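Dear colleague,

I am passing on a structure for you to look at, and below it you will find notes on what turned up when I went through it. Please keep the structure open beside you while you read.

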Amino acid sequence: MIFMLSLIRICLIFITFLCFLQVHARLDKHTHEKQLLPISLISLPPSPSPEALSPSVNAPFFNVKSFGAVGDGVCDDTQAFKLAWDTACQAEESGTLLVPNGYIFMIQSTIFTGPCKSGLTFKVGGTIVPPDGPDSWPRNSSKRQWLVFYRINGMSMQGNGLIDGRGEKWWNLPCKPHKGNNGTTLPGPCDSPVAIRFFMSSNLTVQGLKIKNSAQFHFRFDNCQNVLIDRLIIKSPALSPNTDGIHIENTNNVNIYNSVISNGDDCVSIGAGCYNVNIRNITCGPSHGISIGSLGSHNSRACVSNITVSDSVIKHSDNGVRIKTWQGGEGSVSKVTFSNIHMDIVRNPIVIDQYYCLSKNCINQSTAVSVSHVTYSNIKGTYDVRSRPMRFACSDSVPCTNLTLSEVELLPAQGYILATPFCWNAYGTMHTLTIPPVLCFLDGNPPMLPQDDDVVRD
């Protein structure tokens, strides 16, 4: 009996000890977890499906078919697009206006107006076309523009679809330069629509699109800021008049990357009031090249600064990199860099022309848009022997200054005779020996320069 009581007592002591160990372990674990709480979770690995948490996955889609668009290329889908836009624009959450693939949507001249309540994606999967030519264009619609985006902030236009400007009938208007003899024009109406225009907008992205055969400019940006253009394919015939690929005016902080452009005018044209523009990895041509200008027409004032064009190819084009200004203008072009550019049979690879004129009737004037601090670096390739490889035609009264050349090698596409570069009132230096050598540069600075009140932006 005594033995049994002793055994029970020992068992109770042992059980009590085990309970004590378990309680202590739990307390220790709790204390350890409390010590871990202040540690940041930023460095921890992501959850297995982070995309499932992304708000973009649940963002609303506004399919134009759901708003009545037919998509047969004949019916007028304008109102369906406008209704889809207005709905998406007023949505509290950022959404996508979807132009689905497998359809052709005909839209008349339309203005998509902001501001929208949140960011918006305009996704083009199908094909968008305008009315077919000037005779089909509604009389009460503007013939100067087709699709306009006005006062938009934070919009992305993207997709793998096609925007077809159906420009051929516009190009054949009698007023177009190629219709008359020797580039002359014939009387008649001449307004032609820009395909896509962004006006007074900001924080824009345009990427991945294909656009062809615009009646006039393919893209135009007016009074915009913070623009990214990436991976575009722009195409129209080499003789299609005024079909600039991308034109910017009074627009700043622009990046144009990784695009292929062939057309009947400039691949990229930079107008008055532009600064902080970076153009990189562009394949351009056939075309009229990449241009700053024309500037100063009708005695206007124009200022352009901080422009970079680099890592690009210009082929089978009338011009390569060009600055063109009218006599009689005012203002300045400064801080421009052209670097790492390959020329493939380009008629005028390097041009500064302060005597730009569309006819032979322009009169000489004493004022001009000044051109200074322009750098040409690592520009190589071949030029069409019908023209000189470099032309610096600067104003009598406002000469070009601080022009710099280094690693420039331009050889004739045919034969072995190097044409001599042309200079007029151009002040510059060669940091390395160029081919052909530019021996016509004037040294130093001109004795007097007109004072410009504008402050060049850094």
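Predicted model: local features only at pLDDT ≥ 70, side-chain atom pairs only at ≥ 80, totals over all residues.

Residues are numbered from 1 along each chain as its sequence is written, and side-chain values use heavy atoms, with hydrogens and water left out.

With bonded cysteines counted along the chain, the disulfides follow the pattern 1-2, 3-4, 5-6, 7-8, 9-10, 11-12. One of them joins Cys89 to Cys116, with an S to S distance of 2.1 Å, and this link is left-handed, with -105° about the S-S bond. Cys89 lies in helix α2 and Cys116 in the loop between β5 and β6, so the pair ties together parts that are 27 residues apart in sequence; helices (H or I, at least four residues) and strands (E, at least two) are DSSP runs, numbered from the N terminus. The link of Cys357 and Cys362, by contrast, is right-handed, with 85° about the S-S bond.

What keeps Cys224 from forming a bond with Cys274? The sulfur of Cys224 is 9.9 Å from that of Cys274, its closest cysteine sulfur, which is too far for a bond. Cys224 is buried, with a relative accessible area of 2%, and Cys274 is buried as well, at 1%; buried means under 20% relative accessible area, exposed over 50%, and partly exposed in between (1.4 Å probe, protein chains only).

**Sheet and core**

The chain has three helices and 30 strands. Eleven strands form an open sheet with parallel pairing, in the order β5-β8-β11-β14-β17-β19-β21-β23-β25-β27-β29, where two strands pair if DSSP finds at least two bridges between them. Its edge strands are β5 and β29, each of which pairs on one side only. Within the sheet, β11 (residues 194–199) and β14 (residues 219–222) pair in the parallel sense over four bridges.

The largest nonpolar core holds 96 residues, and among the members that touch the most others are Trp85, Phe338 and Tyr376; such a core is a set of buried Ala, Val, Leu, Ile, Met, Phe, Trp, Tyr and Cys residues joined through side-chain atoms within 4.5 Å. In general, nonpolar side chains tend to be buried together in soluble globular proteins.

With best wishes

How values were computed:
Disulfide = S-S within 2.5 Å.
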